[in-house]
Amino acid sequence: MSTTVERTTDVNNDPQAHDVLKEAHYGSYRFPAEFAGFTADFTATEGGKDGFTSISGTLEVSDPRTITVSGAEGDLAEFVKKEVGSMAGHRWGTPYEQGDGRWTLTIADESEHPLGRLITVHDDPFKSSYRVRDGRITQVNRSMGPISFTISMQSHTPANDGKQLPETFTVTFWDGRSGRLTRSDIYTDRYESVGGVTLPAERRVLSAEDDGITGREIRLSNWKLRS
């Protein structure tokens, strides 16, 4: 069902900004239209100032918001659900017009910036902006309540169809009131081609906060596509 979005800004929508962001959207890998999810075994580990933890189990991903973990529970199991859900959820095919194509965009002519041109979203609920270079999103900025964060891409890797997937990136968090840096997460992702579909295979996250660094890693195996 289509949704009508009410514009809340007097800024004129810039077609060039949409062209740039749309190119990056469709240059990113998406699951096939008939994709129904997958199951996999997993192991997850965590190491930090409080010691080392390891769990294993199975998981099922049936749609972008439905991830079920079996055989393990607790904070690390919830971490598996959240992170695998993020890796898979961002790959589900959503037309550009149902995502950023709904909003009012403008583009700054900053092609010489190391991260590319700045695209500002004027009427989404997260005060978003993007930088795009060479047809790829290099940075995402959002605010959610009292928290602001920036996703900075370091490298991409090709999927089985030649389109791009994020491989290494950093997520940096600030307190929206004080502007204080509160956490930095460094991500490294790996993928596996299964039955012609590129699926999550591994995610490692290093989180730096005031009290030290925590490392978490998820590894998937024995994937099966759902029908």
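Predicted model: local features only at pLDDT ≥ 70, side-chain atom pairs only at ≥ 80, totals over all residues.

User: Where is Leu 76 found? And is Leu 76 buried or exposed?

Analyst: You'll find Leu 76 in helix H2, residues 75–89. Its relative accessible area is 5%, so Leu 76 is buried.

User: What separates the C-alpha atoms of Leu 76 and Phe 126?

Analyst: Those C-alpha atoms are 28 Å apart, and the two residues are 50 residues apart along the chain.

User: Switching to Thr 157. Which strand does Thr 157 lie in, and what does Thr 157 touch?

Analyst: Thr 157 is in strand S8, residues 147–158. Leaving out residues up to four places away in sequence, Thr 157 touches Lys 163, Gln 164, Leu 165, Glu 167 and Tyr 191.

User: Why does Thr 157 count as buried?

Analyst: Because the relative accessibility of Thr 157 is 19%, and buried means under 20%.

User: Now the charges. How many salt bridges does the structure hold?

Analyst: There are 14 salt bridges. One of them pairs Arg 183 with Asp 185, with the closest N and O atoms 2.9 Å apart. Arg 183 is partly exposed at 28% relative accessible area, whereas Asp 185 is buried at 3%.

User: What about Arg 203, which residue does Arg 203 form a salt bridge with?

Analyst: Asp 189, with the closest N and O atoms 2.7 Å apart. That pair links distant parts of the chain: Arg 203 is in strand S11 (residues 197–209) and Asp 189 is in strand S10 (residues 181–194), 14 residues apart.

User: Are Arg 203 and Asp 189 buried or exposed?

Analyst: Arg 203 is buried, at 5% relative accessibility, and Asp 189 is buried too, at 4%.

User: And Arg 204, which residue is Arg 204 bridged to?

Analyst: Arg 204 forms a salt bridge with Glu 217, and there the closest N and O atoms are 4.0 Å apart. Arg 204 lies in strand S11 and Glu 217 in strand S12 (residues 212–225), so the bridge ties together parts 13 residues apart in sequence. Arg 204 is partly exposed at 33% relative accessibility, while Glu 217 is buried at 17%.

User: Which residues do salt bridges that share partners join into one network?

Analyst: Arg 190, Glu 192, Glu 202, Arg 204, Glu 217 and Arg 219.

Technical notes. Residues numbered from 1 in each chain as written. Heavy atoms only, no water. Helix = DSSP H or I, 4+ residues; strand = E, 2+ residues; numbered from the N terminus. Buried < 20%, exposed > 50% of the residue type's maximum accessible area, 1.4 Å probe, protein only. Contact = heavy atoms within 4.5 Å. Salt bridge = Lys/Arg side-chain N within 4 Å of Asp/Glu carboxyl O.
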